[in-house]
Amino acid sequence: MRLPRWNLTIWILLGFILGIATGLFFGDLTSVMQPVSDAFIKIWQITILPTVAISLIVGIGSLKRDTAKAIALKAFLVLLLIWAICVIGYFSFQLAFPPRVQASFFSTQFLAPVTDINFIDMFIPSNPFLSLSDGIIPATVLFCLFLGFALMLDDGSGPIVSILRTLLRALERMTHIISLTFPVGIFVITAVTAGTLTFENFLDLQVFIITLAAAAVLLGLVVMPLLVTCFTTFRYRDILDASSRAMLLAFSTGTEFITLPLISDGVEKLFQGRASETGNGSMEDEDGDRDPGTPGGTGTGPAGDPKGDPAPGTDRGNVRSLSEIMVPVAYTFPLLGGLVPFLFILFVAWMYKNPLGLIGQLRLIAIGIPSFFGSSKLSVISLLNLMHLPADANNLYVSSGILRQAFVAPLSVISIFSLSTITIALTTNRARFRWKRAVMSAIGVVLLAAIMIAGLHAGFAYLLAGTYHGSDRISQIELPLDPAGNRLDSVVNTTVYLNREDVPAVVPPPPVGRDEIRQIRDRGVLRVGYNSNNVPFAFFNGKGELVGYDVEMAYDLARTLNVSRIAFVPITGTNLAESLDSGYCDIAMSAVVVTADRLDQMKFTDPTVTVHLAFVVPDGNKDKFTQLDDVQKMDGLRVAVYNNTALVGVAHQLLPRATIVPIDSKEEFFVGGKADALMIPAEEGYTLTLQYPLFDVAIIQPSDSYQMMYAYPVAKESSDSWLLALDYWLRTENDYGLLQKKYDYWVLGEIPSATEPRWSVVRDVLHWVA
């Protein structure tokens, strides 16, 4: 049985559809294909940079010097104009994204240093081969442009250009062979994305696709045709008619490359058809005005040529020749379709609640345009890294390829058509800038854009309303089950005291000759000091249960000591030393910071967790609090700190000009508004923002310079055997990976029980898996 001879586009579409079906059928089980998905993305990048480099060199180097002189400056100015329109358009459409209510657990990614972009290394190719190997697209493009111009100016460069053209054809054959894997690759990538994509993330992706569609309609069907009418005497409907075939083909196939002959044909027919309407080859606009710079006009020839010879390009043969040059050259430049990643990067910044500021957006523009000379897939990966956005977002970009390309390809077609048409009109002296039409068009476009953006904003706000459930992840979190599948509090009996007065008195330990392990076993109870203000280390969940990293550690310690009961007793930072010395508690396990003062008052185990100092601030203020020098200079700053903790002294030391506001509960800051910022470890701050998503966390940079260690203190007079036993227990927990497992669960939020498995046919309909 032979498979039907479908073209590649149909196979890709089939892979896309089957990928969605597979993702819906198997759900998150498709995550096992993630390595294969990553492999396909890497394979597809093999020929990208070499093809871009050689095509630029060949495209420019093969131009004739006279032709290049005639069109270079004009084409460059038109290109700059189109880029400006594109940037304004895409960056304006980010206003359609509604305010986002989102927060997340702490991630080690937040600790990655924010390095400044080195524009010199980015754009100046001191070693072009290194730039090529490192994937630095702007420097590679600049080198190729210079080399192409140098070859163009050399009359003997024909053989070299011919060899490079042969090499380019070889790369194109390689690309064609690699493209045969597109259907399988798209299937795998789409299956993984559809299988692991949550409902909220699916709504987010819809925001990008719908916004792109709106931008494509505005820029492709309104702005670009109107731009051509402002610089020429062609009518709006004639421009759409001449470009419609190529745009429709691009929309149906998802690629603009195969439409280049149609674009060239449409440009030529546009000039021929419009010229023939006025007779004698003259051009006349809708108002009956003649263009004096064309045959049949009143001038003496282009640029006042006294001989009256027609300018190059005024006859049909030259228009055809110029269009055959301009269209392929324009294809090598990133235009409307090539700059769509701008909108995607802005979307990702919004989706991850990390919107780019003005400086960040200017950097994105400066770096992005040269980067887009290459493949958009490669440039998106690079820009996500440079803008410090999650690299995983690239999977969304790839998986949206079918829908995205349906709009990207027509945008590329109309922008190539517009660039070629305006440049040829300028070169052949057929251009005529009409100020009145330009002003009216600009006003109309601005009004239409405002209506579209406002409508999208309102629609997205309604669509995404009620999709945030971050606070549920904290209120519903429970202690994990033990390896046997039992609840920890069913294996070890627990009593949690809320008030110090309710705790039964104990006989104080002897001043000398202590044996804590024997005393705990004789008593049958391990007394653990806790402070419930330390989310996610020790806190009460929505059921009123005491849970957290240190709470789970307390259960492990009790079982290690072979004790069947734990008494959690409340403590504060101010009574910590006294509570330990008096025997009120055997050990404190509640995010206790190791400080110099405390080392004189008590003994500490080996550190359990290293945390990073940060500020919790209202959304939009994050960038103001990442540098301590900037915070120290703020006038009238009020900084909240949990009362009776070590951070009170730290805050006074680091912020001598600020007013330190001690608080007893998180509600005093988040609800009561008693301060402008809350100083707290980032690991705890991110967990709090899950409950209060209108706040964000600013980690003080450099993050490795503002760290604190958490450890478990015991009494100053504790026996060495007690401390050695605790350290041995901690090393055992670390060696077996149990500390990391708890850190992943409580601090990083990798909580299987907190998130229901993605709906799938295999789980929820057929019930083949649990």
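**Aromatic contacts in close-up**

View 1. Phe540 is partly exposed, at 29% relative accessibility (buried is under 20% relative accessible area, exposed over 50%, partly exposed in between; 1.4 Å probe, protein chains only). This is a predicted model: local features need pLDDT of at least 70, side-chain atom pairs count only at pLDDT 80 or more, and totals for chains, interfaces and linings use all residues. Residues are numbered from 1 along each chain as its sequence is written, and side-chain values use heavy atoms, with hydrogens and water left out. Rings of Phe, Tyr and Trp (its six-membered ring) pair if their centres lie within 6.5 Å; planes under 30 degrees apart are stacked, over 60 edge-to-face, the rest tilted. The count is 26 aromatic pairs. One of them, Tyr530 with Phe540, is edge-to-face: 6.2 Å centre to centre, 85° between the planes. Tyr530 lies in strand E2 (residues 526-530) and Phe540 in strand E3 (residues 539-540), so the pair ties together parts ten residues apart in sequence (strands, E, are DSSP runs of at least two residues, helices, H or I, of at least four, numbered from the N terminus). Tyr530 is buried, at 4% relative accessibility.

**View 2. Phe670 on Tyr692.** The ring centres are 4.3 Å apart and the planes at 5°, so this pair is stacked. Phe670 sits in helix H28 (residues 667-670); Tyr692 sits in the loop between helix H29 (682-691) and strand E12 (695-699). Both residues are buried.

View 3. Ring pairs link Phe97, Phe208, Phe344, Phe347, Trp350 and Tyr397. Arg404 lies over the face of Tyr397, 3.7 Å from the ring centre (a charge sits over a ring if NZ of Lys or CZ of Arg is within 6 Å of the centre and within 35 degrees of the ring normal).
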